[in-house]
Amino acid sequence: MIRPPSPRNKLTPRVAVIGGCVAGLSAAVNLASRGVAVTIFEKNAALGGKLNRWQKGGFTFDTGPHVLTMLFAIQELFQTAGERFEDHVDLIRLPTICRYHFPDGDYFDAAADPRQTGEQIGKIFPGGKDEFFAYLSHSQDVYEKTVDTFLRQDPSEAMKRAGAFSALASLKGFLDLNPFESLDRRIQRTFTDERLRQIFRLYALYSGSHPKRCSSIFSVVAHVQWNIGTFYLKGGLYSLVEAIKELMSKLNVQVALNSEVTEITTEGKNCRAIKVMSNGTETEHLVDGLICNQDVLTAHRLLPNLSPPTDVEPSTSAFLILAGIRGSYPTLSHHNSFLTGDEWREYAEIFDNHEPPTDPTIGVSNQSFSDSSRAPDGMTNLFIMANVPAMADQRTWTPERTADYRSVILRKLERMGLPDLESRIIVEDMWTPNDFSIRYNSYRGSLYGLSSNGWKQAFLRPPQRAKGLRGLYYAGGTTHPGGGVPLCILSGKIAAEQLIADL
Ligand SMILES: Cc1cc2nc3c(=O)[nH]c(=O)nc-3n(C[C@H](O)[C@H](O)[C@H](O)COP(=O)(O)OP(=O)(O)OC[C@H]3O[C@@H](n4cnc5c(N)ncnc54)[C@H](O)[C@@H]3O)c2cc1C
């Protein structure tokens, strides 16, 4: 229930959060823990944004994230409210991070334990063991030199606060990491085997970017994945949203579902109120502050004086098939990646031609492997994902185009060790970039907001504090520090801290 608008009371500031994905939820928890009255307005019928779920015929699917990393960001969120994340969820560290299936039928398991991964790499790729440990050590160095500057604060604000000397000192540490070198260059310099290089280059796609165009700083993924750890939540990753919901209910955060914010109204240079459309009725709500978890790149739709973005490159989007199937495939681990036979063609098709790749790398998440609650007995829930470009303005995914691409993906998986996949499907749903754009107001259907191609897009992302308008703060994947669940949680925290400081 939304509280009816009441006269402004500076003793209990009222903040509205536009959108209820993880960044919005994180901001709400951070604000409510400090005594702010918070209402989340979410346009859809459920909280979670891209971190959502779909259920049918006894099958349950996560429709977005499948891999949880940098757990500390989530643990800190719960600590803010005096709770422990582990008391709300059943946390599982999977023994295998990912099984990589090569086109020739071989596969390689990246174990959660880095020592085991090193041993395994040494057996399959001669010389690869030492290269892997060198890469991991560099990755740890990158993490340690960047975490405080880039993840826990808005660097542009920090620079202003710290003064020139301190700013230059932290910049020097950063420049020592050779951030102008591309991720691909770093990988070429470290690994000799082309197949290992292909696997490590996939890290660029974790931020929706191209390995030759994003910085070698993204090698940090290795440290995050192996040293900090990769996790699964029993009952699926939507359990994270449910756990935060429990937290918010203790903190008395109000949630208005099916409530789309249609306009932010202003008074001079201050945010004054929001207009909300719910069940065909428009209401106005006065606010003392606003957190916008709607994508910054589509937020101009709420502010008549803002223009649409130009000259920005969105991250990649995804083509999803959620398939509940009869039986199971013994060749599958929990997470799998079916590699392409021509990776440079795949990158060119996505980033230069803006077309879905002809021979895509396909991620298959097989949660039933570790969690029997995800499918009826004797059946399997498969989340199948190919990276595709965000929508070009005029190109949409027609039913014919969608059906054709479904075939490309299913045929490839059938060829690469999942025979008769199509005929074993019992329940199915498909998602294209159109769905991400329409359901979540994400810019051109991108998954992570901006790509991290190029220096500016990676390190000078839109800040939390809105320019030229007091009381408005952005949180979410497009803003600083970037896309992905833990970074969005940190972005919500930074936004909440700035809002409180300005009240
Ligand atoms: C297929 C897929 C796989 C992914 N895999 C991973 C992974 O393995 N690991 C990982 O960490 N990350 C992954 N991600 C990325 C991760 O899901 C996102 O970075 C993160 O969820 C984005 O959160 P956000 O807070 O930016 O909000 P968004 O998900 O963009 O949500 C914005 C919210 O605001 C709501 N909203 C928008 N406009 C309005 C409005 N006007 N009024 C009211 N409500 C509004 C939307 O409905 C939505 O709930 C994946 C994403 C997808 C889609």
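At what angle do the axes of helix α4 and α7 cross? I looked this up to start with. The axes of α4 (residues 128-151) and α7 come within 10 Å and cross at roughly 140°. My note on axes: they are lines fitted to C-alpha atoms, for helices over the stretch in contact, and angles run from 0 to 180 degrees between N-to-C directions.

Before going on, I reminded myself that this is a predicted model, where local features need pLDDT of at least 70, side-chain atom pairs count only at pLDDT 80 or more, and totals for chains, interfaces and linings use all residues. Residues are numbered from 1 along each chain as its sequence is written, and side-chain values use heavy atoms, with hydrogens and water left out.

**Helix pairs**

I take helices (H or I, at least four residues) and strands (E, at least two) as DSSP runs, numbered from the N terminus. Angles under 35 degrees count as roughly parallel, over 145 as roughly antiparallel, 65 to 115 as roughly perpendicular and the rest as oblique. α4 and α7 are therefore oblique to each other. I found E131, Y135 and H138 of α4 meeting L183, R186, I187 and T190 of α7, where contact means heavy atoms within 4.5 Å. The residues of this contact divide into three nonpolar, two polar and two charged. In that count Ala, Val, Leu, Ile, Met, Phe, Trp, Tyr, Cys and Pro are nonpolar, Asp, Glu, Lys and Arg are charged, and the others, Gly among them, are polar.

Next I followed α7 (residues 183-190) to α8 (residues 194-201): their axes come within 10 Å and cross at roughly 150°. That makes α7 roughly antiparallel to α8. On the α7 side I see L183, D184, I187 and Q188, and on the α8 side R197, F200 and R201. I sorted the residues of that contact into three nonpolar, one polar and three charged.

I also checked α3 (residues 114-124), which packs with α4 at an angle of about 145°, their axes 7 Å apart. From α3, P114, R115, T117, G118, E119, I121 and G122 meet G128, K129, F132, F133 and L136 of α4.

**Around the ligand**

How many residues surround the ligand? I noted 37, the closest being E42, Q294, G477, G484 and V485; a residue is near if one of its heavy atoms lies within 4 Å. A polar backbone atom of K50 is 2.9 Å from an oxygen atom of the ligand. For V67, a polar backbone atom is 3.0 Å from a nitrogen atom of the ligand.

**Loops**

I found E83 in the loop between α2 (71-80) and β5 (91-92). Leaving aside neighbours within four places in sequence, E83 is in contact with F78, H88, L247 and K250.

Then I looked at the backbone. Most residues other than glycine have a negative phi, and most peptide bonds are trans. D311, in the loop between β13 (289-292) and β14 (317-326), has a positive phi near 60°. The peptide bond from H480 to P481 is cis, with omega near 0°. I placed P481 in the loop between β19 (472-474) and α15 (485-502).

Key:
A polar contact is a pair of N or O atoms within 3.5 Å; within protein, one must be able to donate a hydrogen and the other to accept it, and residues adjacent in sequence count only if both atoms are side-chain atoms.
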